[in-house]
Every structure is written in C-alpha cells, then in structure tokens.
Amino acid sequence: SLLAPLLIGVALGDLLHGLPINSSQNFTGSFWDLLQPYAVFTGVTFVLLCLMHGATFLCLKTTDRMRERSWLAARRVAPFTTAAVIGFIIWTHVTGSTTFFLNVIELLAILAAIAAAWLIYEHREGFAFAASAVTIAACVLSIFVDLYPNVMVSSTNHAYNLTVYNTASGAYSLKAMTIVVIIFLPMVLAYQSWTYYVFRKRVSSRDFRPAPEPSSDVSGSPAAEDARPGPGAI
C-alpha cells in the first residue's frame with residue numbers, strides 16, 4: 001500500500017522533471033535516473049497524502065477505539081502532509097511553469113491541504129475526507145497543467161520532448177476510445193456510487209463477534225417437565 005503511491009509519485013515527477021530521451025523517443029538512461037530528487041519528493045508527498053486520506057476514511061467507517069486511533073493517526077500525519085504539499089507545489093511551479101504566480105490548480109492544492117488538516121483537528125472527518133480528495137486531485141492536475149503540451153520532458157534535448165502532438169494515436173483510435181469512454185465511464189461511476197451507498201454504514205468491532213448462542217427454553221426442557229406437579233398433587 002505504501003509502495004503504490006510512492007511509485008506513482010515518482011513516475012509523475014519524472015514526467016515533468018525530464019528523463020534522458022533521444023531523438024527516436026527512446027529512454028537512454030539507467031534505473032537511477034528515475035530516482036531524481038524531485039521525483040522522489042513527489043512520491044513521498046503522495047504517500048503522505050494517502051496516509052492522511054486513508055486515516056480520515058477509517059474515521060468515517062469505524063467506531064469506538066478504532067475510530068479514535070484513526071483520528072490520532074490522521075492528526076499526526078496532517079502537518080507533515082500539508083508541509084509536503086506546499087513544498088511540492090512550489091517545486092512543481094518552479095520546475096514546469098513560466099509565470100511567477102501560482103495558477104488556480106496549484107493554489108487549490110495548497111488551500112485544500114490546509115483545510116484538510118484544520119478539519120481533521122476539528123474532528124470533522126467528512127469534510128476533511130473531501131478536502132484531502134481535492135488535494136490529491138489538484139496535485140496530480142498541477143503536474144499535467146505545468147507539463148502541457150508535453151507529456152514527457154527530455155532532459156537530453158528539449159527538441160526531443162514527447163508532446164500531445166507527436167505521441168497522439170491515430171484519428172480512428174481516438175474516435176473509438178472516445179465512444180468506449182462515453183459508454184462505460186458512466187457505468188463505472190454508477191457502480192462506484194452504488195458501492196459507497198451499500199457500504200455507507202460504519203463498521204464496528206461488534207460486527208465481527210460471533211453471534212450469541214440462542215438461550216434454551218427452561219419451561220420446555222425435560223427437567224422442567226419432571227419438576228412440574230402432577231394432577232393429584234394438590
């Protein structure tokens with residue numbers, strides 16, 4: 001679970017910072033070229049984001065002691081996550097943007113991260129979960145906004161950059177994929193919404209305890225029948 005956001009972050013960071021790519025659009029570097037400082041920092045930022053996001057989600061889905069432990073975990077990681085997001089956005093802006101001021105997406109990522117941390121401390125898990133989700137989405141979008149029109153930067157020569165123009169598929173493939181997305185994306189979204197609705201209730205430790213055994217009817221037991229007085233006992 002920690003490795004997934006780390007590798008995704010490293011991959012996204014490499015796209016913006018650049019990798020050794022020659023004129024044939026082939027990677028000419030080594031494994032260690034992938035672990036450049038900006039890419040590693042991006043991976044660490046995404047790990048912290050997922051830790052805060054996951055802990056907040058557990059606050060929403062659990063009760064009692066588990067909910068309290070999840071809230072404490074979210075509270076402890078929230079300041080580090082906010083600091084990492086701010087550093088990531090500034091580094092991303094300096095690396096990929098040509099303007100001095102932050103764009104709307106970058107500013108949104110910082111504000112959402114600060115809001116998520118504040119909401120966690122206020123014990124408002126629902127809004128904190130929404131704010132952390134916005135933070136993750138804004139961080140990913142900020143990379144592609146600063147990257148456009150490139151899809152991967154070449155550190156060898158900027159003339160070798162992979163762009164949306166020289167890496168695009170053919171017109172027929174794009175048309176076919178557009179039709180597929182239009183048909184199946186609403187189905188996927190509907191399925192995910194239904195899943196969240198079905199599992200909307202909190203999970204308690206009582207849900208995992210074995211069901212109590214049914215109590216025996218004392219009045220219907222053989223011993224009780226023998227103990228009853230007969231018709232001529234009065």
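Q: Are helices α2 and α5 roughly parallel or roughly antiparallel to each other?
A: Angles under 35 degrees count as roughly parallel, over 145 as roughly antiparallel, 65 to 115 as roughly perpendicular, and the rest as oblique. In this predicted model, α2 and α5 are roughly antiparallel. Helix α2 covers residues 37–61 and helix α5 residues 125–147; they pack at an angle of about 160 degrees, with axes 9 Å apart. Axes are lines fitted to C-alpha atoms, for helices over the stretch in contact, and angles run from 0 to 180 degrees between N-to-C directions. Helices (H or I, at least four residues) and strands (E, at least two) are DSSP runs numbered from the N terminus.

Q: What limits apply to the model and its numbering?
A: Residues are numbered from 1 along each chain as its sequence is written, and in this predicted model local features need pLDDT of at least 70, while side-chain atom pairs count only at pLDDT 80 or more and totals for chains, interfaces and linings use all residues. Side-chain values use heavy atoms, leaving out hydrogens and water.

Q: Is the crossing of α2 and α5 left-handed or right-handed?
A: A crossing is left-handed if the near helix is turned anticlockwise from the far one by less than a right angle, and right-handed if clockwise. The crossing of α2 past α5 is left-handed.

Q: Which residues in α2 meet α5?
A: Contact means heavy atoms within 4.5 Å. The α2 side includes Y38, F46, M52 and F57, and the α5 side includes E125, F129, I136 and I143. By class, the contact of α2 with α5 has 14 nonpolar, six polar and one charged residues. Ala, Val, Leu, Ile, Met, Phe, Trp, Tyr, Cys and Pro count as nonpolar, Asp, Glu, Lys and Arg as charged, and the others, Gly among them, as polar.

Q: At what angle do α1 and α2 pack?
A: Helix α1 (residues 3–17) packs with α2 at about 140 degrees, the axes being 7 Å apart. These two helices are therefore oblique to each other. The crossing of α1 past α2 is right-handed. Among the residues making the contact are L6, V10 and D14 of α1 and Y38, T42 and V47 of α2.

Q: How many aromatic pairs does a search of the whole structure find?
A: A pair of aromatic rings is described by the distance of the centres and the angle of the planes. Rings of Phe, Tyr and Trp (its six-membered ring) pair if their centres lie within 6.5 Å; planes under 30 degrees apart count as stacked, over 60 as edge-to-face and the rest as tilted. The search finds eight aromatic pairs. One of them, F31 with W32, is edge-to-face, at 5.2 Å centre to centre and 75 degrees between the planes. Both F31 and W32 are exposed. The pair of F41 and W91 is tilted, because the centres are 5.6 Å apart and the planes at 40 degrees. F41 lies in α2 and W91 in helix α3 (residues 64–96), so the pair ties together parts 50 residues apart in sequence. Ring pairs link Y38, F41, F46, F88 and W91 into a cluster.

Q: Is L162 buried or exposed?
A: Buried means under 20% relative accessible area, exposed over 50%, and partly exposed in between (1.4 Å probe, protein chains only). L162 has 14% relative accessibility, so L162 counts as buried. This residue is found in strand β2 (residues 162–163). Not counting residues up to four places away in sequence, L162 touches I21, Q25, N150, V151, M152 and T167.
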